[in-house]
Amino acid sequence: MAPIKQHFDYLVIGSGSGGLASARRAAGIYKKKVGIVESGRLGGTCVNVGCVPKKVTWNAATIAETMEEAKEYGFDVEVKGFDWKLFTTKRDAYIKRLNGIYLRNLNNDGVTYIPGRARFLSKNEIEVDEYTSEGEKLGSKSTYTADHILIATGGYPIVPKDIPGAEHGITSDGFFELDQQPKKAVLVGAGYIAVELAGIFQALGTETHLMIRHDTFLRSFDPMIQEVLTKHYETGMGMNLHRRSKQTKVEKDPSTGKLRIHYEDSNGAGVLEDVNVLLWAIGRAPEVGDLNLPAVGIEQNKKGCIVADEFQNTNIPGIYSLGDVSGFFELTPVAIAAGRRLSDRLFGGQKDAKLDYTNIPSVVFAHPEVGTIGLSEPDARKKYGDENIKVYKTSFTAMYYALLEHKGPTSYKIVCAGPEEKVVGLHIIGLGSGEMLQGFGVAIKMGATKKDFDSCVAIHPTSAEELVTLR
């Protein structure tokens, strides 16, 4: 066993959003001795292969749509093409700058950065296979001890194991490594990652096929969101949507590198030829493989996620878990908030500090954006009973489209419960939904009622005013 190198008050495994937030709070505010172990780039999934580069790429796709629409507003616009290489080079340079900013922030807060991959030796001791800051193995090991250890290692995208040739596809991680724009792409999945990346490809001019297992995607969202966005992707954007589909085999042409996808969908069996990119977006698994959890007896669920309670405690005293590795609301701001609350509780004397996991707003950066908070209409009816639910909804054409032949969808729904009509769910799809939802999220978190919404004077002319004038 490697000699013990250092003891910490708090040791964090994983430098994603949650781990960084918790480590910096403990060291920067509460002046604890904190170390953070990371084998990859600082910032985790969100910064490197998730939210941030995705949003930058979504911006590019949205600009492409805007330039096309500008012609109908009277602009003499000629779009000669999209330089994928130029764009991705600038995007990647931006991400690299962010990695540097995270390192400076750790140094400023006094957090010890330990490049490497950790495994448990006991409940307060880990061994680290040491890496360089660029992610290269050094071939040496060190042992660290700590009074408290946080597991915040995140997750990774999965590839199906029962489909011959599945390994020829990529995942969302691979999307950010593409060095050229594919002419033809097939995406498999119905969650927000598949929907977002399919929308990006389609808006940028790639022939895009989205394969889903049911008739709509985003099936955990309110039915209105599912129906409106699924229809728009197919009829509004012209995307090739394969309902009730499954893939049976993937073949790769060794001479061209192109793929042949064998599948079945609601129209029968088929084959997609000359596919440049196959992207699996069928779910994520917790990043726990190297942690040696059995040595400590840390409890996991059937999916392998680390079981943690509302205070982020695992079943082993002194070991905590949060973020994607625990399967709790796999959203960056959730992990950040949970990490800060945990440090407040452990080191700030706030013994009851914890994240309230109710009414968490989330956005899907589709085309157009989707925003949601609270219960879907079916979930609200199940919880409160049909007789106690009242739904207000509207669909309209946003003013932006007034001069355009192409009309994008806008649909809003407010779900209210009880005689006071407390807002227990809000679901919006349309331009600007992402920015719009944050403010309404505050109101709903505070317990707003329909009467509170009605009492707010509308801002005209906006789409958002519809939410305070619904009848």
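Which helix supplies the largest share of the lining of the second largest pocket? In this predicted model, that share belongs to helix 3, which contributes 8 residues. Besides helix 3 (51-70), at least two lining residues each are supplied by helix 6 (192-203) and helix 7 (223-236). By residue class, the lining of this second largest pocket is made up of 12 nonpolar, 10 polar and 5 charged residues.

The largest cavity holds about 40 Å³ of space, and its lining is formed by Glu-310, Phe-311, Gln-312, Ala-338, Arg-341, Leu-342, Arg-345, Ala-353, Lys-354 and Leu-355. These lining residues of the largest cavity divide into 5 nonpolar, 4 charged and 1 polar.

A further site concerns Ser-326, which is placed in the loop that runs between strand 15 (319-321) and helix 8 (332-347). Ser-326 is classed as buried because its relative accessibility is 6%, a value that falls under the 20% cut-off for that class. A polar atom of the Ser-326 side chain lies 3.5 Å from the backbone oxygen of Ile-306. When residues up to four places away in sequence are left out of account, Ser-326 touches Cys-305, Ile-306, Ala-308 and Ser-321.

Note on methods: Residues numbered from 1 in each chain as written. Predicted model: local features only at pLDDT ≥ 70, side-chain atom pairs only at ≥ 80, totals over all residues. Heavy atoms only, no water. Helix = DSSP H or I, 4+ residues; strand = E, 2+ residues; numbered from the N terminus. Nonpolar A, V, L, I, M, F, W, Y, C, P; charged D, E, K, R; others polar. Buried < 20%, exposed > 50% of the residue type's maximum accessible area, 1.4 Å probe, protein only. Polar contact = N/O pair within 3.5 Å; in protein donor to acceptor, adjacent residues only side chain to side chain. Contact = heavy atoms within 4.5 Å. 1 Å grid on protein atoms, 1.4 Å probe; cavity = no way out; pocket = protein on both sides within 12 Å on 5 of 7 lines; lining within 4 Å. Points joined across faces, edges and corners; volume = space filled by probe spheres on them.
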